[in-house]
Amino acid sequence: MSGSRKRPALGVVVYFAIAFSLATYFTFAAVQGDYGLFRRIQVAAEADVLNRERAELERQLAEMQNKTRRLSDDYLDPDLLDEQARSVLGLILADEIVIR
């Protein structure tokens with residue numbers, strides 16, 4: 001009976017402890033780390049917000065380019081000119097009544 005052991009050898013316990021520690025560390029890094037799952041989700045959400053912001057800015061740019069073209073010397077839109085004069089300068093025609 002002296003040859004049979006009742007508890008595992010110390011080397012096996014150390015081996016499994018190190019293996020468990022490494023597995024825990026890499027699992028944590030895969031989920032929480034700089035390149036982990038949560039960071040990837042956060043980056044994707046930020047990219048979505050930035051794409052929507054870029055689309056809105058492109059829309060505003062197109063609108064401003066259209067107005068600039070319509071007020072240029074080559075192509076003058078009288079309705080837009082009248083709108084801008086009323087809005088920016090506060091001009092009105094002599095026969096108009098302003099209600100505020």
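Biologist: Which residues are linked with E56 in a network of salt bridges?

Modeller: Start with the general idea. Side chains of opposite charge can pair when their charged atoms come close. Now the case here, in a predicted model. E56, R59 and E63 are linked in such a network.

Biologist: How many salt bridges does a search of the whole structure find?

Modeller: The search finds seven. One of them joins the side chains of R52 and D48, at 3.3 Å from N to O.

Biologist: How are R52 and D48 placed in helix 2?

Modeller: First, the rule. An α-helix has 3.6 residues a turn, so residues three or four places apart point the same way. Now apply that. R52 and D48 are four residues apart in helix 2, so about one helical turn separates them.

Biologist: Which residue meets R70 in a salt bridge?

Modeller: Again, opposite charges can pair when the charged atoms come close. The partner of R70 is D77, with 2.6 Å from N to O. The two side chains are also joined by a polar contact of 2.6 Å.

Biologist: Where does D77 lie?

Modeller: D77 is in the loop between helix 2 (37-70) and helix 3.

Biologist: Why does D77 count as buried?

Modeller: Check the cut-off: buried means under 20% relative accessible area. D77 has 14%, so D77 is buried. R70 has 22%, so R70 is partly exposed.

Biologist: What does E96 form with R86?

Modeller: E96 and R86 form a salt bridge, and their closest N and O atoms are 2.7 Å apart. E96 lies in the segment after helix 3, while R86 is in helix 3, so the pair ties together parts that are ten residues apart in sequence. Both residues are partly exposed, with E96 at 28% and R86 at 29%.

Biologist: What should helix 3 span, and how far apart are its end C-alpha atoms?

Modeller: Helix 3 covers residues 78-89, which is twelve residues.

Biologist: Which residue follows helix 3?

Modeller: G90 follows helix 3, and its phi is positive, near 75°.

Biologist: Now for rings. How many aromatic pairs does the structure hold?

Modeller: It holds two. The general idea is simple. A pair of aromatic rings is described by the distance of the centres and the angle of the planes. For Y25 and F26, the centres are 5.2 Å apart and the planes are at 65°.

Biologist: Why is the pair of Y25 and F26 edge-to-face?

Modeller: Planes over 60 degrees apart count as edge-to-face. The planes of Y25 and F26 are at 65°, so this pair is edge-to-face.

Biologist: What sits over the ring of Y75?

Modeller: The charged end of R69 does, 4.9 Å from the ring centre.

Note on methods. Residues are numbered from 1 along each chain as its sequence is written. This is a predicted model: local features need pLDDT of at least 70, side-chain atom pairs count only at pLDDT 80 or more; totals for chains, interfaces and linings use all residues. Side-chain values use heavy atoms; hydrogens and water are left out. Rings of Phe, Tyr and Trp (its six-membered ring) pair if their centres lie within 6.5 Å; planes under 30 degrees apart count as stacked, over 60 as edge-to-face and the rest as tilted. A charge sits over a ring if NZ of Lys or CZ of Arg is within 6 Å of the ring centre and within 35 degrees of the ring normal. Helices (H or I, at least four residues) and strands (E, at least two) are DSSP runs, numbered from the N terminus. The expected span of a helix is 1.5 Å times one less than its number of residues. Buried means under 20% relative accessible area, exposed over 50%, partly exposed in between (1.4 Å probe, protein chains only). A polar contact is a pair of N or O atoms within 3.5 Å; within protein, one must be able to donate a hydrogen and the other to accept it, and residues adjacent in sequence count only if both atoms are side-chain atoms. A salt bridge is a side-chain nitrogen of Lys or Arg within 4 Å of a carboxyl oxygen of Asp or Glu.
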